Amino acid sequence: MALGRNSNQQATVPSTEQGRIDYAGKKIGMWLFLFTELLFFGGMFLLYAVYRSRYPAEFHWAAQQENLLLGSINTMILLSSSLTMAVAVSAIGKAHRRLSCLMQMVTMLSACCFLIIKYFEWGAKISKGIYPNSPVLLAHEKGDILFFSLYFVMTGIHGLHVLIGIIVMAIMLFFTRRGVIAPDNFAKLENTGLYWHFVDIVWIYLFPLFYLIT
Amino acid sequence: MDRDDLQAQTAGYSHYLCVWAALLVLLGMTIAIARHELLANYSVLGSLVIATVKAGLVLSYFMHLRNEGWVVKGMLLLAIGALTFIIALTFVDTWYR
């Protein structure tokens with residue numbers, strides 16, 4: 001709970017002109033949104049699970065076409081960005097504004113690196129003629145078509161979430177520098193952190209399912 | 001700010017670093033298991049178990065779930081339970097067709 005202290009050293013709850021800030025409500029609201037995201041990605045993981053159980057050999061072969069090195073680097077990047085995001089949130093709570101801003105910038109840069117690597121991965125596949133509904137892909141086995149379609153859709157929607165995260169983080173960085181996000185009022189940044197960690201968790205599951213089922 | 005305050009503040013960041021190090025070790029393990037020929041039959045299960053451990057670490061420490069009350073923890077369990085139920089029910093259908 002983000003409590004402040006008034007001049008008499010009594011604990012106070014931060015308030016706006018409209019009234020008391022509902023810190024717990026803001027956090028629960030964010031968690032509720034993340035549950036909808038969980039079911040959103042969960043539906044796609046369900047598709048993956050069912051089709052993999054139907055075409056295990058094709059999924060096994062198709063996964064070998066993935067670039068394990070780039071996938072591993074991307075995983076390390078996202079895990080590290082989760083660290084920097086967590087430190088950023090913790091830092092603003094401790095009134096370390098400069099550290100928080102620095103960590104937010106590093107998180108955004110890491111996210112950009114993730115997308116750049118994804119661009120090269122997708123580019124390599126597309127240059128081989130493998131993309132949704134391509135003639136090359138449609139000539140493959142049904143299991144291969146399903147694997148690569150799921151790959152593009154799931155990593156694509158995940159990448160979209162990363163992009164949205166970058167934009168939201170940029171806004172939060174602006175707020176932090178301006179003082180809108182302050183040590184006694186940083187629910188926005190904390191919620192952004194929750195979103196970012198969720199995006200990381202989705203990739204934690206995407207990575208083994210697309211790169212490691214060899 | 002005295003020395004104890006400074007130590008308390010930096011200690012707050014070091015536990016994040018420990019979690020991050022653990023996550024990288026688990027990532028290494030998951031890749032090693034996948035590439036190990038002897039464990040081929042269990043590599044997918046092993047990878048998913050390790051992924052769940054990693055997700056648990058991110059949830060508990062980075063998302064501060066361990067500091068939350070039972071309202072948030074209960075809601076999360078409900079959401080995960082709902083997804084598990086949906087997946088399980090689907091497989092009851094597809095496995096026995």
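## Where the two chains meet

In this predicted model, the contact between the chains draws 31 residues from chain A and 30 residues from chain B. On the chain B side, α1, α2 (43–62) and α3 each supply at least two of the residues that touch chain A. Which helix gives the largest share of that side? The answer is α1(B), with 11 residues.

What kinds of residue does chain B bring to the contact? By class, its side has 22 nonpolar, seven polar and one charged residues.

## How confident is the prediction?

Let us turn to the scores. The model as a whole has an ipTM of 0.86 and a pTM of 0.88. For chain B, the mean pLDDT is 85, and 85% of its residues reach 70 or more.

Helix α3 (residues 70–95) of chain B has the highest value, with a mean of 94, while helix α1 (residues 3–35) of chain B has the lowest, with a mean of 79. Over residues 1–8 of chain B, pLDDT stays under 50. For that stretch the model has one contact beyond four places in sequence.

## Chain A from end to end

Now follow chain A along its sequence. You will find seven helices and two strands, arranged in the pattern β-β-α-α-α-α-α-α-α. The C-alpha trace of chain A spans about 75 × 30 × 25 Å along its principal axes.

How much of chain A is buried? Of its 214 residues, 37% are buried.

## Two pairs of helices in chain A

Start with helix α3 (residues 68–93) of chain A and helix α4 (residues 97–127) of chain A. Their axes are 8 Å apart, and the two helices pack at an angle of about 160 degrees. Because angles over 145 degrees count as roughly antiparallel, α3(A) is described as roughly antiparallel to α4(A). The crossing of α3(A) with α4(A) is left-handed. Sorted by class, the residues of this contact are 17 nonpolar, eight polar and three charged.

Next, look at helix α2 (residues 56–63) of chain A, which packs against helix α6 (residues 142–178) of chain A at an angle of about 55 degrees, with the axes 8 Å apart. That angle makes α2(A) oblique to α6(A). Here the crossing is right-handed. From α2(A), the residues E58(A), F59(A) and A62(A) meet G143(A), D144(A), F147(A) and F148(A) of α6(A). This contact has four nonpolar, one polar and two charged residues.

## A closer look at one tryptophan

Finally, find W196(A), which lies in helix α7 (residues 187–211) of chain A. Is W196(A) buried or exposed? It counts as buried, because W196(A) has 28 C-beta neighbours inside 10 Å, and 20 or more are needed for that label.

Which residues does W196(A) touch, leaving aside its neighbours within four places in sequence? W196(A) is in contact with S82(A), M85(A), T107(A) and G165(A). For a sense of distance, pick out L99(A) as well: L99(A) and W196(A) are 97 residues apart along the chain, and their C-alpha atoms are separated by 18 Å.

Definitions and conventions. Residues are numbered from 1 along each chain as its sequence is written. Chains are lettered from A and ligands numbered from 1 in the order in which they are written. This is a predicted model: local features need pLDDT of at least 70, side-chain atom pairs count only at pLDDT 80 or more; totals for chains, interfaces and linings use all residues. Axes are lines fitted to C-alpha atoms, for helices over the stretch in contact, and angles run from 0 to 180 degrees between N-to-C directions. Helices (H or I, at least four residues) and strands (E, at least two) are DSSP runs, numbered from the N terminus. Angles under 35 degrees count as roughly parallel, over 145 as roughly antiparallel, 65 to 115 as roughly perpendicular and the rest as oblique. A crossing is left-handed if the near helix is turned anticlockwise from the far one by less than a right angle, and right-handed if clockwise. Two residues are in contact if their C-beta atoms, placed from the backbone, lie within 7 Å. Ala, Val, Leu, Ile, Met, Phe, Trp, Tyr, Cys and Pro count as nonpolar, Asp, Glu, Lys and Arg as charged, and the others, Gly among them, as polar. pLDDT is the predictor's confidence in each residue, from 0 to 100. A residue is buried if 20 or more other C-beta atoms lie within 10 Å of its own, exposed if 12 or fewer, and partly exposed in between; C-beta atoms are placed from the backbone.
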